[in-house]
Amino acid sequence: MFPKYDVIVVGAGHAGCEAAVAAANMGSKVMLATMNMQTIAQMSCNPAMGGVAKGQIVREVDALGGYSGIVTDHTMIQFRLLNRSKGPAMWSPRAQSDRMLFAAKWRHMLEANENIDFWQEMVTSIIVKDGRACGVRTGIGLEIEADSVILTNGTFLNGIIHIGEKQFGGGRAGERAAKGITEQLIELGFEAGRMKTGTPPRIDGRSIDYSKMVVQDGDEDPGKFSYTDTPKLKNQRPCHMAYTNPEVHDMLRTGFDRSPMFNGRIQGLGPRYCPSIEDKIDRFAGRDQHQLFIEPEGWETVEIYVNGFSSSLPEDVQFKAMRKIEGFENAKMFRPGYAIEYDFFPPTQLKPSLETRLVKNLFFAGQINGTTGYEEAACQGQMAGINAHLAIKEEDPFIIKRSEGYIGVLIDDLVNKGTKEPYRMFTSRAEYRILLRQDNADLRLTPLVHKLGMKGMEDRMQRVEAKEAAVKDIRKFLEKFSVTPDQLNGYLEKIGSSTLKQGVKLNTVLARPHITMEGLKSALPELDSFLSKYDAETEGLAEVDLKYEGYIQKEQEMVDKMNRLESVFLKDTFDYHRLSGLSKEAREKLTNLKPRTIGQASRISGVSPSDISVLLVHVGR
């Protein structure tokens, strides 16, 4: 009935979709298996992509040939560049999406790929022969053969939904949980755990009084995620901000005795940085209010997502508390919020390629690895898809370093440190964040994946080369163009910057903290004319590179120093127990995790600098 596939991807959420695309565009024949074809690329929680550090990940996925950025650009209803008041390392794009259009566009792009087939059914186990994944078995007993398998099960593995004292099996509202895979993996020797996440009630926007809320518009000149020619957003829908109050908190507390989070029915740990409203009230008892973001679900729907009001309290308590929020006095609920508890597998059981250590050619990506968020899932799926293809070709895995991308930081954190709570990416997790900005992801990553031979990267490489040339041209102009006091002092006085006493090169003026390229263009027609042939992103990249040149050089020196450790490789068969100079904990951790390099070993929790010195001596460094 089925041909033998190169790659089978189990699950069609954000990780699964990117995994299928990546493997297919590398040249593999792919089967994407899902329990429901109607929920491919479903935005299970909030209808948005990007945000702090997450926006950088979406741009990196796009730079590597993924589709998340393209789909977002085609379906967004609002765009904002967050953290503009901070330095450029913190600038993070975020888009509000049309939930239905987002899923429809993803499915359209998947179906347009001739290397991807689909099958709608529950996968209940993996076929494993001689320690290698060879396909999957389905609920009706079909066996589908493949050279590699990628599990992207999201919250579906033995998922349990909690609403107050009610609990029932499910992977998402209205969808059943997946059974069988966890039990098989445990039999194979994998360690499993439980995590939980949650979602807020959905509200009828017609029943809300927006006049009592603070309007949150998108950017005046909205940007986009993809480095390709995606459409520019012309019209936008506003979001709004509202706040809880003591009355809301008091009403929510009346349901605490029936809360599955407080009475012990939920065993899994929830996300620290996206807690439920009852958790916030309990942890921050001294606060009288918490901020809520009122987000529309799309262009043509009245459904509203209440960001910040995630809850697993009884539905009647949720409803009564909701109506005590200013502007929600007459609110109608489409469905209550709920918590969902699900199985995950500690990611220290993975290689940096996301292949499991126990079973060859079996890869994990997304929430099965203990992460949270569409963006974190998408990038893992993409890396698993690329590496599944490379594994069956018996080629070296594609590993992004911490100094090359947030994707590298995320995967390095997972496989070396693991996680006991849902992992979320932040800019603070990246030690080289001035190098890993959202404006240069294409320059950093597109050349890497182009070398692998991924389909469709030729045009992207031409864009990268043109962008690099343009940045050099702008820099050369700024370094050669001289300005006099007469030309610039009026502008400098106006913004409170020191005036010039003699002529200087323009790049020295731009290096000042409060000077911007836009301001200089308004004062210098020659600069404005020269820059008119470049797009705003290229102009901005040149400005940041020049203005932060000292910081960039210092960080690059740190990278070069660390890369010397990354170039010292360790064999999988290395016997750490015979090195008496290593601490007992280091011997155990290094034996279990089998780091590829000294650099990776140095980031394993429990491995000290003195342990690294012992390893360096042993390998002759």
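**A pocket, a helix and a sheet**

Let's start with the second largest pocket, which has a volume of about 1,500 Å³. Keep in mind that this is a predicted model.

What lines this pocket? There are 50 lining residues, and the closest to the pocket's centre are Ala536, Glu537, Thr538, Gly540 and Leu541. Several elements give two or more residues to the lining: strand E4 (76–82), helix H11 (441–451), H12, helix H15 (517–523) and helix H17 (536–547). H17 gives the most, with nine residues. By type, the lining divides into 19 nonpolar, 11 polar and 20 charged residues.

Now to H12, one of those lining elements. Helix H12 covers residues 457–480, so count 24 residues. From first C-alpha to last, H12 reaches 35 Å. That is close to the 34 Å expected at 1.5 Å a residue. Which residues of H12 are buried? They are Met457, Arg460, Met461, Val464, Lys467, Ala470, Val471, Ile474, Phe477 and Leu478. Note Arg460 and Lys467 in that buried list.

Next, the sheet. Six strands form an open sheet, in the order E14-E15-E16-E17-E13-E18. The pairing is antiparallel. Strand E14 (214–216) and strand E18 (333–335) stand at the edges. Each has a single partner strand, so one side of each is left without a neighbour in the sheet. Neighbouring strands here are turned by 35° against each other on average, direction ignored.

Look inside the sheet at one pair. Strand E13 (residues 202–204) and strand E17 (residues 303–307) run antiparallel, joined by three bridges. Take Arg202: its bridge partner in E17 is Tyr305.

Notes: Residues are numbered from 1 along each chain as its sequence is written. This is a predicted model: local features need pLDDT of at least 70, side-chain atom pairs count only at pLDDT 80 or more; totals for chains, interfaces and linings use all residues. Side-chain values use heavy atoms; hydrogens and water are left out. Helices (H or I, at least four residues) and strands (E, at least two) are DSSP runs, numbered from the N terminus. The expected span of a helix is 1.5 Å times one less than its number of residues. Buried means under 20% relative accessible area, exposed over 50%, partly exposed in between (1.4 Å probe, protein chains only). Two strands pair if DSSP finds at least two bridges between them. Axes are lines fitted to C-alpha atoms, for helices over the stretch in contact, and angles run from 0 to 180 degrees between N-to-C directions. On a 1 Å grid over the protein atoms alone, a cavity is a set of points where a 1.4 Å probe fits but cannot get out, and a pocket is an open set with protein on both sides within 12 Å along at least five of seven lines; lining residues have an atom within 4 Å of a point. Grid points are joined across faces, edges and corners, and a volume is the space filled by probe spheres set on the points. Ala, Val, Leu, Ile, Met, Phe, Trp, Tyr, Cys and Pro count as nonpolar, Asp, Glu, Lys and Arg as charged, and the others, Gly among them, as polar.
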